[in-house]
Every structure is written in structure tokens, then in C-alpha cells.
Amino acid sequence: MTKEERQEAIFDLINVERIRQDKKWGYPQYKSMMDWAAILTEENGEASQAALNWKFAGESKQEIIKEAIHTAAVAVAWADAIMSETVIEEGPI
Ligand SMILES: [Mg+2]
């Protein structure tokens, strides 16, 4: 598989995940910047956990790929929300 083929496959996976997330959570999503940051951090944490599980527990790299795709798809959703101006203001603390 060439680099271009691999990257096309990755972007296809991100698009499929974007569709899955939109079906699950709705579109557009009206979230605050801090909510988006928390969601992205949560997904990145899952990717990190999968990497640790691969390194120390001998688990498959497939879970790392899956969580990296989740992370990328959330980053795309966050950028989309900002560009479509659906990011809402923070409420009172
Ligand atoms: Mg995940």
C-alpha cells in the first residue's frame, strides 16, 4: 500500500466515523469550546490507553488505530462547529 493509498484509507475511516458520530450525537452540535476540548481530550486519552495496552499488555494495534480515528473525527467536528458558528458561549460556572 502506498502512502497515498494509506492516507486515502485513513481519511475514508475518518469520514465514516464522522457520519457515525453525527448519527449518534446529531448535527449540528451546539457545544462550548470547553466541551469540545474535553471530548477531544477524552478520545485522545482512549488512544493513549490503547497504546499502553499494546505496549504492556500485548493487545492489538487495531484499537490504537480505532481511537486515533475517533480523535481525528472529533477534531474535524470541533473545527466544523467553529466554522459553522455553532460553538456556544460558556454558561455561568
Ligand atoms: Mg473512542
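These legends go with close-up views of a predicted model. Local features need pLDDT of at least 70, side-chain atom pairs count only at pLDDT 80 or more, and totals for chains, interfaces and linings use all residues. Residues are numbered from 1 along each chain as its sequence is written.

**View A. Helix α2 packs against helix α3.** Here α2 (residues 33-57) and α3 (residues 62-83) sit at an angle of about 165 degrees, with axes 8 Å apart. That makes the pair roughly antiparallel (angles over 145 degrees). Helices are DSSP runs of H or I, at least four residues, numbered from the N terminus; axes are lines fitted to C-alpha atoms over the stretch in contact, and angles run from 0 to 180 degrees between N-to-C directions.

**View B. Residues where α2 meets α3.** On the α2 side you'll find, among them, Trp-36, Leu-40, Ala-47 and Trp-54, and α3 brings residues including Ile-64, His-70, Val-74 and Trp-78. Contact means C-beta atoms, placed from the backbone, within 7 Å.

**View C. Asn-53, a partly exposed spot in α2.** Asn-53 has 15 C-beta neighbours inside 10 Å, so it counts as partly exposed (buried is 20 or more other C-beta atoms within 10 Å, exposed is 12 or fewer, partly exposed is in between). Leaving out residues up to four places away in sequence, Asn-53 touches Glu-59 and Glu-63. Tyr-30 is 23 residues from Asn-53 in sequence and 34 Å from it in space, C-alpha to C-alpha.

**View D. Helix α1 out in the open.** The number of buried residues among the 23 of α1 is 0, so this helix lies largely in the open. Just after α1, Gly-26 takes a positive phi of about 90 degrees.

Note on methods
Helix = DSSP H or I, 4+ residues; strand = E, 2+ residues; numbered from the N terminus. Parallel < 35°, antiparallel > 145°, perpendicular 65-115°, else oblique. Contact = placed C-beta atoms within 7 Å.
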